[in-house]
Amino acid sequence: MGFDGSGFIWMNGKLVPWNEATIPVGAHVIHYGSSVFEGIRMYHQEAGEHKSVVFRLREHIQRLYNSAKIYNMTPDNLSDDSPHAQSGEFLKYSINDVLDACVETLKANGDRDAYIRPAIYRGYHSLGVDPRNCPVDVFVMTWRWGNYLGAEALEQGVDVAVSSWTRMAPNTFPALAKCGANYMNSQLIKLEAIRHGYVEGIALDTMGYVSEGSGENIFIYLKDQKAIYTPPLGNSILPGITRDALIKLLNDMTDAGEIDAKVEEHIIPREMLYLADEVFFCGTASEVTPIRSIDGKKIGAGKRGEIAGKLQEKFFSIINGASEDTYNWLTAVEID
Ligand SMILES: Cc1ncc(COP(=O)(O)O)c(C=O)c1O
């Protein structure tokens with residue numbers, strides 16, 4: 001279901017046919033970028049009980065709400081008689097409502113592997129930068145979805161370059177919010193990478209430290225130091241849900257003696273990328289994607305390394321149902 005116009009989209013409380021889920025050209029979001037959204041994935045388990053499972057659904061919807069709160073879209077407000085209370089339109093749906101809407105849309109569309117895209121945005125009322133009178137609308141789209149950076153990427157790794165575009169400066173566009181407007185920056189990074197023949201770019205922050213890809217977080221492995229680093233939240237990154245999952249997996253692998261390295265949130269100077277034994281991306285779309293070269297320099301052995309390989313194994317065996325979901329990351333959805 002999806003971009004051929006088939007299937008349904010949940011819009012403000014009800015399922016409507018895909019082509020009828022439209023937004024007026026006068027909607028605030030079109031003019032001022034006032035949207036927050038999520039990208040979530042549902043997998044059809046091969047090894048398990050042949051069911052479909054959504055990866056970390058609640059965490060994604062929580063992040064959606066966090067993004068909406070940053071942009072004053074949620075009714076987290078002082079009492080009405082407080083002089084500091086905010087006025088205007090607010091979101092009318094709870095976290096559980098949006099969570100249920102995702103499941104309802106998945107079931108209506110019937111795909112077994114799907115990408116889920118909920119969004120909260122300022123709709124149609126009047127135009128002006130002040131968004132308060134514009135309704136806070138919600139939709140959930142789902143569509144069939146394959147591998148993001150290419151089928152070979154997970155195995156062979158990808159060639160990337162450091163972008164000439166930097167990520168947003170602190171206190172400009174908040175990076176912790178997954179806001180539509182932030183992806184104008186991501187588009188610049190992605191377009192430049194493609195123009196130079198790379199699949200993706202790595203952006204630095206305004207200080208020149210490693211931040212993230214246009215749609216992925218990043219990890220590096222330094223074998224001699226027995227260290228795995230990923231940039232902290234202060235380096236203008238999205239607080240990735242896959243990043244969080246990998247940190248948990250890596251900590252448990254270290255404790256179990258399965259790897260001889262410790263993961264840490266750590267500032268990464270650009271040149272450390274070139275000297276690392278492994279660099280890999282992670283994210284809902286890219287999962288765990290090894291990077292085999294950066295700016296034409298081979299990274300480590302120029303192919304998937306030990307850490308990325310072990311992480312892929314752990315990650316996919318949970319998602320496939322081959323290993324028990326001890327982290328409680330999966331939500332089963334019954335697709336007819
Ligand atoms: C800019 C950016 N960074 C990181 C990520 C990875 O985040 P997650 O693992 O939650 O998908 C994404 C993916 O949505 C992204 O767009």
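**Entry 1: strand E5 and its partners**

I began with the pairing of strand E4 (residues 40-44) and E5: three bridges join them, and they run antiparallel. I note here that I am working on a predicted model.

Next I looked for a facing pair between these two strands. Tyr43 stands opposite Val53 in E5.

Then I turned to strand E17 (residues 330-333). Four bridges join E17 to E5, again in an antiparallel arrangement. I looked up the partner of Val54 and found Thr331 in E17.

Are the residues on the two faces of E5 buried or exposed? I checked strand E5 (residues 52-55) side by side. Ser52 and Val54 lie on one face, and both are buried.

**Entry 2: Ala332**

I stayed in strand E17, where Ala332 has its place. How far is Ala332 from Val53 in sequence and in space? They are 279 residues apart in sequence, yet their C-alpha atoms are 4.3 Å apart.

I also listed the contacts of Ala332. Leaving out residues up to four places away in sequence, Ala332 touches Lys51 and Val53.

Why does Ala332 count as partly exposed? It has 16 C-beta neighbours inside 10 Å. Buried needs 20 or more and exposed needs 12 or fewer, so Ala332 falls in between.

**Entry 3: two positive phi angles**

Asn72 has one, at about 60°. I found Asn72 in the loop between helix H2 (57-70) and helix H3 (95-109). Asn72 is partly exposed, because 16 other C-beta atoms lie within 10 Å.

Asp295 is another such residue, with phi near 55°. I placed Asp295 in the loop between strand E15 (287-294) and strand E16 (297-298). Asp295 is partly exposed as well, because its count is 14 other C-beta atoms within 10 Å.

**Entry 4: around the ligand**

Which residues come nearest to the ligand? I counted 13 residues around it, and Gly240, Ile241, Thr242, Gly283 and Thr284 come nearest.

I sorted the shell by residue type. Two are nonpolar, eight are polar and three are charged.

Note on methods. Residues are numbered from 1 along each chain as its sequence is written. This is a predicted model: local features need pLDDT of at least 70, side-chain atom pairs count only at pLDDT 80 or more; totals for chains, interfaces and linings use all residues. A residue is near a molecule or strand if its C-beta atom, placed from the backbone, lies within 6 Å of it. Ala, Val, Leu, Ile, Met, Phe, Trp, Tyr, Cys and Pro count as nonpolar, Asp, Glu, Lys and Arg as charged, and the others, Gly among them, as polar. Two strands pair if DSSP finds at least two bridges between them. Two residues are in contact if their C-beta atoms, placed from the backbone, lie within 7 Å.
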